[in-house]
Amino acid sequence: MELIYSEALNDRQLSGVWRLLQTYGEDFVPPLSQRESTCQQGLRDNTHSSPQGPVAYFEEMKAQCFLLAVEGDAVAGFLTFRRGYIPEVLSHRKEEGLLGLYITTIIVDAAYRRQGLARGFYHRLMTLFPQRRRLLSTRTWGGNISHISLLEKLNFSGPIRIPDDRGPGIDTVYYYKLLEEGQP
């Protein structure tokens, strides 16, 4: 298994990412097919899915940076992030020279889960741009126990909780980690 960092994917890689989005996009809360953006706020307001799947979400994702897990020609998983972005809920952390790395999406194919790929994505992300002070951040829903558990094991701070943001009883939770210059 190879982990690849890329700022632009080739057609084969894009096809693999699209396959994973179509296969697992409905597992998110709310489903990715109900979102128009990877940083969309007000996630409870849109209750209809697109018949084409998460097309708008995918189109925006293509402009982001990727970490891909590739085995042969197959994309086994990916993590996307926006370079230079700090979400509004973390605006108090902004400072001059701080590089925001906002993780928007992480998906691992079911056949490759429980093999450390998600952890590998985060570890690889933490090694990027070591010459800068970095703020890694992400969000998920309060019931996404496997992702939250991983973030806590990786010593992310949080959660910053937005109650009922995704519907009654479904909170959005933000996690973040500050990395000093030179710190992997």
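This is a predicted model: local features need pLDDT of at least 70, side-chain atom pairs count only at pLDDT 80 or more; totals for chains, interfaces and linings use all residues.
Residues are numbered from 1 along each chain as its sequence is written. Local features need pLDDT of at least 70 and side-chain atom pairs count only at pLDDT 80 or more, while totals for chains, interfaces and linings use all residues, and side-chain values use heavy atoms, with hydrogens and water left out.

Begin by selecting residues 11-24, which form helix α1 (a helix is a DSSP run of H or I with at least four residues, numbered from the N terminus). Within α1, colour Q13, L14, G16, V17, L20, L21 and Y24, which are its buried residues (under 20% relative accessible area, with a 1.4 Å probe and protein chains only). Because they cover an arc of only 160° around the axis, they lie on the same side of α1 (the arc is that of the directions from the helix axis to the C-beta atoms).

Next, select R166, which sits in the loop between β6 (157-162) and β7 (172-179) (strands are DSSP runs of E with at least two residues). R166 counts as buried because its relative accessibility is 7%. Its side chain reaches the backbone oxygen of V29 at 2.4 Å.

Finally, show I106, A118, N144, S146 and H147, which lie nearest the centre of the largest pocket among its 32 lining residues. β4 (98-108) is one of the elements that give two or more residues to this lining, and β4 gives the largest share, seven residues.

How values were computed
On a 1 Å grid over the protein atoms alone, a cavity is a set of points where a 1.4 Å probe fits but cannot get out, and a pocket is an open set with protein on both sides within 12 Å along at least five of seven lines; lining residues have an atom within 4 Å of a point. Buried means under 20% relative accessible area, exposed over 50%, partly exposed in between (1.4 Å probe, protein chains only). A polar contact is a pair of N or O atoms within 3.5 Å; within protein, one must be able to donate a hydrogen and the other to accept it, and residues adjacent in sequence count only if both atoms are side-chain atoms. The expected span of a helix is 1.5 Å times one less than its number of residues.
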